[in-house]
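Here is a friendly set of notes to read alongside the model. Please keep the structure open as you go through the points.

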Amino acid sequence: MTRTLDPATEVRGAAPKSAGPARPAVTAPGTVPPRRRGPVRRAVSAVGVPALALALGVGVWYAVSYLLLVPARRFLLPPPHQVVARSLADPVHLEPMLQALGVTARIAAIGFVLAALIGIGVGSLMNQARWIERLVYPYAVMLQVIPVLAIVPLIGLWFGFGTGSRVVVCVMIALFPVITNTHFGLRSVNKGLHELFTLGRASRPRRLIRLELPAALPSVFTGLRIAAGQVVIGAILGDMFFAKGEPGIGTLLDTYRATLRSEDLIAAIVLASAFGIAVYTVFTLASQAVVGRWHSSGDRG
(Lines give C-alpha, C1' and ligand atoms only; values in the text may rest on other atoms or scores of the structure.)
Protein backbone atom coordinates (compact mmCIF):
# COMPACT_ATOMS: atom_id res chain seq x y z
CA MET A 1 0.00 0.00 0.00
CA THR A 2 1.37 3.36 -0.99
CA ARG A 3 1.74 5.89 1.84
CA THR A 4 0.54 9.39 1.08
CA LEU A 5 2.41 12.21 2.81
CA ASP A 6 0.87 15.47 3.79
CA PRO A 7 2.39 18.35 1.76
CA ALA A 8 2.99 20.30 4.95
CA THR A 9 4.88 17.30 6.32
CA GLU A 10 6.99 17.12 3.20
CA VAL A 11 7.80 20.81 3.49
CA ARG A 12 8.76 20.46 7.14
CA GLY A 13 10.84 17.35 6.51
CA ALA A 14 12.61 18.59 3.41
CA ALA A 15 16.26 19.48 3.64
CA PRO A 16 16.84 23.22 3.69
CA LYS A 17 17.95 24.67 0.42
CA SER A 18 20.99 26.84 0.11
CA ALA A 19 19.98 30.39 0.82
CA GLY A 20 22.58 31.80 -1.49
CA PRO A 21 24.47 34.97 -0.77
CA ALA A 22 23.29 36.92 2.26
CA ARG A 23 21.05 39.83 1.47
CA PRO A 24 21.51 43.19 3.13
CA ALA A 25 19.04 44.05 5.85
CA VAL A 26 16.13 46.11 4.63
CA THR A 27 15.07 49.06 6.75
CA ALA A 28 11.35 49.58 7.12
CA PRO A 29 9.98 52.54 5.16
CA GLY A 30 9.85 55.79 7.12
CA THR A 31 12.51 54.74 9.65
CA VAL A 32 16.01 56.17 9.90
CA PRO A 33 18.77 53.76 10.99
CA PRO A 34 20.63 54.97 14.08
CA ARG A 35 23.95 56.62 13.34
CA ARG A 36 26.80 56.47 15.79
CA ARG A 37 28.94 59.52 16.26
CA GLY A 38 32.37 59.45 14.70
CA PRO A 39 35.60 59.84 16.68
CA VAL A 40 35.89 63.53 15.81
CA ARG A 41 32.40 64.33 17.07
CA ARG A 42 32.99 62.27 20.21
CA ALA A 43 36.23 64.15 20.87
CA VAL A 44 34.51 67.50 20.36
CA SER A 45 31.72 66.45 22.70
CA ALA A 46 34.14 65.16 25.34
CA VAL A 47 36.57 68.10 25.25
CA GLY A 48 34.85 71.00 23.54
CA VAL A 49 31.73 71.15 25.68
CA PRO A 50 33.62 71.13 29.03
CA ALA A 51 36.05 73.71 27.65
CA LEU A 52 33.15 75.92 26.63
CA ALA A 53 31.60 75.57 30.09
CA LEU A 54 34.95 76.47 31.69
CA ALA A 55 35.31 79.53 29.48
CA LEU A 56 31.79 80.63 30.35
CA GLY A 57 32.51 80.22 34.08
CA VAL A 58 35.73 82.24 33.83
CA GLY A 59 33.87 84.94 31.92
CA VAL A 60 31.22 85.17 34.64
CA TRP A 61 34.02 85.32 37.23
CA TYR A 62 35.63 88.27 35.44
CA ALA A 63 32.27 90.00 35.12
CA VAL A 64 31.57 89.73 38.84
CA SER A 65 35.07 90.90 39.78
CA TYR A 66 35.15 93.95 37.52
CA LEU A 67 31.51 94.89 37.02
CA LEU A 68 29.80 94.09 40.32
CA LEU A 69 32.60 94.73 42.82
CA VAL A 70 34.13 98.13 43.34
CA PRO A 71 37.97 98.19 43.53
CA ALA A 72 37.87 98.54 47.32
CA ARG A 73 35.91 95.28 47.65
CA ARG A 74 37.55 93.37 44.80
CA PHE A 75 39.64 91.42 47.33
CA LEU A 76 36.48 89.40 48.08
CA LEU A 77 36.65 87.83 44.61
CA PRO A 78 39.98 88.52 42.87
CA PRO A 79 39.98 87.99 39.09
CA PRO A 80 41.29 84.68 37.75
CA HIS A 81 44.64 85.96 36.49
CA GLN A 82 45.38 87.44 39.91
CA VAL A 83 44.63 84.12 41.62
CA VAL A 84 46.91 82.30 39.21
CA ALA A 85 49.76 84.83 39.49
CA ARG A 86 49.71 85.24 43.27
CA SER A 87 48.83 81.71 44.36
CA LEU A 88 48.73 78.87 41.84
CA ALA A 89 51.88 79.99 39.98
CA ASP A 90 53.81 80.78 43.16
CA PRO A 91 55.61 77.70 44.57
CA VAL A 92 55.66 79.24 48.05
CA HIS A 93 51.84 79.26 48.09
CA LEU A 94 51.21 76.21 45.91
CA GLU A 95 53.45 73.68 47.66
CA PRO A 96 51.57 73.70 51.02
CA MET A 97 48.29 73.29 49.15
CA LEU A 98 49.54 70.25 47.23
CA GLN A 99 50.90 68.66 50.40
CA ALA A 100 47.58 69.26 52.17
CA LEU A 101 45.68 67.90 49.17
CA GLY A 102 47.79 64.74 49.36
CA VAL A 103 46.78 64.29 53.02
CA THR A 104 43.12 64.78 52.12
CA ALA A 105 43.42 62.34 49.22
CA ARG A 106 44.91 59.67 51.48
CA ILE A 107 42.13 60.06 54.04
CA ALA A 108 39.49 60.04 51.29
CA ALA A 109 40.97 56.84 49.82
CA ILE A 110 40.87 55.05 53.18
CA GLY A 111 37.32 56.21 53.83
CA PHE A 112 36.20 55.19 50.34
CA VAL A 113 37.64 51.68 50.61
CA LEU A 114 35.95 51.16 53.98
CA ALA A 115 32.65 52.59 52.73
CA ALA A 116 32.76 50.39 49.61
CA LEU A 117 33.51 47.19 51.56
CA ILE A 118 30.95 47.88 54.28
CA GLY A 119 28.31 49.15 51.86
CA ILE A 120 28.53 46.22 49.43
CA GLY A 121 28.58 43.76 52.34
CA VAL A 122 25.57 45.32 54.06
CA GLY A 123 23.65 45.63 50.78
CA SER A 124 24.31 41.95 50.06
CA LEU A 125 23.13 40.91 53.53
CA MET A 126 19.96 42.98 53.15
CA ASN A 127 19.18 41.06 49.98
CA GLN A 128 19.45 37.67 51.69
CA ALA A 129 16.49 38.06 54.02
CA ARG A 130 13.66 40.51 54.54
CA TRP A 131 14.22 40.68 58.29
CA ILE A 132 17.81 41.80 57.74
CA GLU A 133 16.58 44.52 55.38
CA ARG A 134 14.01 45.75 57.92
CA LEU A 135 16.64 45.68 60.66
CA VAL A 136 19.44 47.50 58.83
CA TYR A 137 17.70 49.91 56.46
CA PRO A 138 16.49 52.42 59.12
CA TYR A 139 20.06 52.81 60.38
CA ALA A 140 21.34 53.33 56.83
CA VAL A 141 18.75 56.07 56.32
CA MET A 142 19.71 57.58 59.66
CA LEU A 143 23.33 57.89 58.50
CA GLN A 144 22.08 59.85 55.51
CA VAL A 145 19.70 62.25 57.23
CA ILE A 146 21.64 63.10 60.41
CA PRO A 147 23.82 66.20 59.81
CA VAL A 148 27.44 65.22 60.32
CA LEU A 149 28.22 68.65 61.76
CA ALA A 150 25.72 68.04 64.56
CA ILE A 151 27.56 64.96 65.81
CA VAL A 152 31.12 66.22 65.25
CA PRO A 153 31.68 66.63 69.03
CA LEU A 154 30.63 63.02 69.63
CA ILE A 155 32.89 61.74 66.84
CA GLY A 156 35.77 63.68 68.37
CA LEU A 157 35.10 62.25 71.83
CA TRP A 158 34.81 58.68 70.56
CA PHE A 159 37.61 58.58 67.99
CA GLY A 160 39.83 61.52 68.94
CA PHE A 161 40.49 64.62 66.90
CA GLY A 162 42.97 63.21 64.39
CA THR A 163 42.99 61.04 61.30
CA GLY A 164 40.58 58.44 62.68
CA SER A 165 37.74 60.92 63.03
CA ARG A 166 38.32 62.23 59.50
CA VAL A 167 38.01 58.70 58.14
CA VAL A 168 34.81 58.14 60.14
CA VAL A 169 33.26 61.27 58.62
CA CYS A 170 34.16 60.03 55.12
CA VAL A 171 32.58 56.63 55.76
CA MET A 172 29.41 58.14 57.23
CA ILE A 173 28.86 60.40 54.24
CA ALA A 174 29.73 57.83 51.54
CA LEU A 175 28.09 54.71 52.99
CA PHE A 176 24.42 55.26 52.15
CA PRO A 177 24.66 55.42 48.31
CA VAL A 178 26.76 52.24 48.23
CA ILE A 179 24.28 50.33 50.41
CA THR A 180 21.16 51.46 48.54
CA ASN A 181 22.53 50.99 45.04
CA THR A 182 23.98 47.57 45.86
CA HIS A 183 20.68 46.47 47.38
CA PHE A 184 18.73 47.82 44.41
CA GLY A 185 21.00 46.05 41.92
CA LEU A 186 20.74 42.72 43.73
CA ARG A 187 16.94 42.99 43.96
CA SER A 188 16.68 43.79 40.23
CA VAL A 189 18.25 40.55 38.93
CA ASN A 190 16.12 38.82 36.29
CA LYS A 191 13.73 36.28 37.85
CA GLY A 192 14.25 33.85 34.98
CA LEU A 193 17.94 33.64 35.82
CA HIS A 194 17.04 32.99 39.44
CA GLU A 195 14.84 30.10 38.32
CA LEU A 196 17.70 28.60 36.33
CA PHE A 197 19.94 28.70 39.39
CA THR A 198 17.10 27.19 41.44
CA LEU A 199 16.80 24.31 38.97
CA GLY A 200 20.53 23.79 39.31
CA ARG A 201 20.12 23.74 43.11
CA ALA A 202 22.70 26.48 43.54
CA SER A 203 23.53 27.47 47.09
CA ARG A 204 23.04 31.02 48.31
CA PRO A 205 26.76 31.93 48.24
CA ARG A 206 27.10 30.51 44.72
CA ARG A 207 23.99 32.38 43.56
CA LEU A 208 25.32 35.60 45.07
CA ILE A 209 28.81 35.30 43.55
CA ARG A 210 27.91 33.84 40.15
CA LEU A 211 24.61 35.60 39.42
CA GLU A 212 23.57 38.47 41.66
CA LEU A 213 26.78 40.46 42.11
CA PRO A 214 27.75 40.36 38.39
CA ALA A 215 24.23 41.37 37.37
CA ALA A 216 24.22 44.18 39.96
CA LEU A 217 27.54 45.68 38.83
CA PRO A 218 25.97 48.65 36.97
CA SER A 219 24.06 49.70 40.09
CA VAL A 220 27.07 49.03 42.32
CA PHE A 221 29.27 51.27 40.18
CA THR A 222 26.62 53.97 40.26
CA GLY A 223 26.78 53.88 44.05
CA LEU A 224 30.58 53.93 43.98
CA ARG A 225 30.63 56.96 41.68
CA ILE A 226 28.33 58.86 44.02
CA ALA A 227 30.35 57.76 47.04
CA ALA A 228 33.59 58.84 45.36
CA GLY A 229 32.31 62.40 45.18
CA GLN A 230 30.81 62.31 48.67
CA VAL A 231 33.98 60.99 50.27
CA VAL A 232 35.97 64.00 49.06
CA ILE A 233 33.44 66.28 50.76
CA GLY A 234 33.71 64.20 53.92
CA ALA A 235 37.50 64.39 53.90
CA ILE A 236 37.43 68.19 53.55
CA LEU A 237 34.87 68.53 56.36
CA GLY A 238 36.98 66.27 58.53
CA ASP A 239 40.02 68.44 57.86
CA MET A 240 38.12 71.50 59.02
CA PHE A 241 36.87 70.08 62.31
CA PHE A 242 39.60 67.61 63.30
CA ALA A 243 42.81 69.58 62.90
CA LYS A 244 45.18 67.35 64.85
CA GLY A 245 47.89 65.72 62.76
CA GLU A 246 48.89 66.71 59.25
CA PRO A 247 46.79 69.56 57.84
CA GLY A 248 44.55 68.71 54.93
CA ILE A 249 43.14 70.98 52.26
CA GLY A 250 40.11 71.66 54.47
CA THR A 251 42.39 72.89 57.24
CA LEU A 252 44.00 75.35 54.84
CA LEU A 253 40.59 76.49 53.61
CA ASP A 254 39.61 77.33 57.17
CA THR A 255 42.91 79.14 57.76
CA TYR A 256 42.67 81.16 54.56
CA ARG A 257 39.08 82.12 55.34
CA ALA A 258 40.00 83.33 58.84
CA THR A 259 42.94 85.42 57.56
CA LEU A 260 41.13 86.81 54.47
CA ARG A 261 43.70 85.40 52.05
CA SER A 262 41.28 85.43 49.15
CA GLU A 263 43.70 84.37 46.41
CA ASP A 264 44.90 81.34 48.37
CA LEU A 265 41.35 80.51 49.45
CA ILE A 266 40.07 80.45 45.88
CA ALA A 267 43.14 78.54 44.68
CA ALA A 268 42.60 75.89 47.35
CA ILE A 269 38.92 75.63 46.36
CA VAL A 270 39.96 75.16 42.72
CA LEU A 271 42.42 72.40 43.64
CA ALA A 272 39.87 70.63 45.83
CA SER A 273 37.25 70.84 43.08
CA ALA A 274 39.69 69.54 40.47
CA PHE A 275 40.52 66.63 42.75
CA GLY A 276 36.84 65.77 43.20
CA ILE A 277 36.21 65.92 39.45
CA ALA A 278 39.25 63.71 38.82
CA VAL A 279 38.05 61.09 41.30
CA TYR A 280 34.56 61.05 39.81
CA THR A 281 35.99 60.78 36.28
CA VAL A 282 38.20 57.83 37.25
CA PHE A 283 35.22 55.88 38.56
CA THR A 284 33.13 56.80 35.53
CA LEU A 285 35.82 55.40 33.23
CA ALA A 286 36.16 52.32 35.43
CA SER A 287 32.41 51.76 35.21
CA GLN A 288 32.49 52.02 31.42
CA ALA A 289 35.44 49.62 31.25
CA VAL A 290 33.80 46.99 33.46
CA VAL A 291 30.13 47.10 32.40
CA GLY A 292 30.17 49.25 29.27
CA ARG A 293 30.57 46.32 26.89
CA TRP A 294 27.37 44.57 27.94
CA HIS A 295 25.20 47.16 29.69
CA SER A 296 23.46 50.20 28.20
CA SER A 297 24.91 52.48 30.91
CA GLY A 298 28.29 52.27 29.18
CA ASP A 299 26.98 53.19 25.72
CA ARG A 300 28.30 56.64 24.95
CA GLY A 301 27.06 56.76 21.34
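1. A word on burial comes before anything else: a residue is called buried under 20% relative accessible area, exposed over 50%, and partly exposed in between, using a 1.4 Å probe and protein chains only. By that rule, D239 and R166 are both buried.

2. Please bear in mind that this is a predicted model, in which local features need pLDDT of at least 70 and side-chain atom pairs count only at pLDDT 80 or more, while totals for chains, interfaces and linings use all residues. Residues are numbered from 1 along each chain as its sequence is written, and side-chain values use heavy atoms, with hydrogens and water left out.

3. How confident is the predictor in this chain? The pLDDT, its confidence in each residue from 0 to 100, averages 81 over the chain, and 83% of the residues score at least 70. Helices here are DSSP runs (H or I, at least four residues), as strands are (E, at least two), numbered from the N terminus. Confidence is lowest in helix α1 (residues 7–13), with a mean of 43, and highest in helix α4 (residues 91–128), at 92. Residues 1–20 have a pLDDT below 50, and this stretch has one contact in the model beyond near neighbours in sequence; contact means heavy atoms within 4.5 Å.

4. Now to the charged pairs: how many salt bridges does the structure hold? There are seven, a salt bridge being a side-chain nitrogen of Lys or Arg within 4 Å of a carboxyl oxygen of Asp or Glu. One of them joins D239 and R166, whose closest N and O atoms are 3.0 Å apart. Because D239 lies in helix α10 (residues 217–241) and R166 in helix α7 (residues 163–187), this pair ties together parts that are 73 residues apart in sequence.

5. A second salt bridge brings together the side chains of R86 and E263, at 3.3 Å from N to O. This pair links distant parts of the chain, with R86 in helix α3 (residues 80–88) and E263 in helix α12 (residues 262–291), 177 residues apart. R86 is partly exposed, at 49% relative accessibility, whereas E263 is buried, at 17%.

6. R261 and D264 form another salt bridge, with 2.7 Å between the closest N and O atoms. Here R261 is partly exposed at 35%, and D264 is buried at 4%.

7. Salt bridges also link R130, E133 and R187 into a network. E133 sits in helix α5 (residues 130–145) and is buried, with a relative accessible area of 16%. Setting aside neighbours within four places in sequence, E133 is in contact with M126, P138, H183 and R187.

8. Do look at how α4 meets α12. Their axes are 11 Å apart, at an angle of about 35°; axes are lines fitted to C-alpha atoms, for helices over the stretch in contact, and angles run from 0 to 180 degrees between N-to-C directions. Among the residues making the contact are L98, L101 and F112 of α4 and D264, L271 and F275 of α12.

9. Finally, is G234 buried or exposed? G234, in helix α10, is buried, at 0% relative accessibility. Apart from neighbours within four places in sequence, G234 is in contact with V169, C170 and I173. The C-alpha atoms of G234 and M172 are separated by 8.1 Å, although these residues are 62 apart along the chain.
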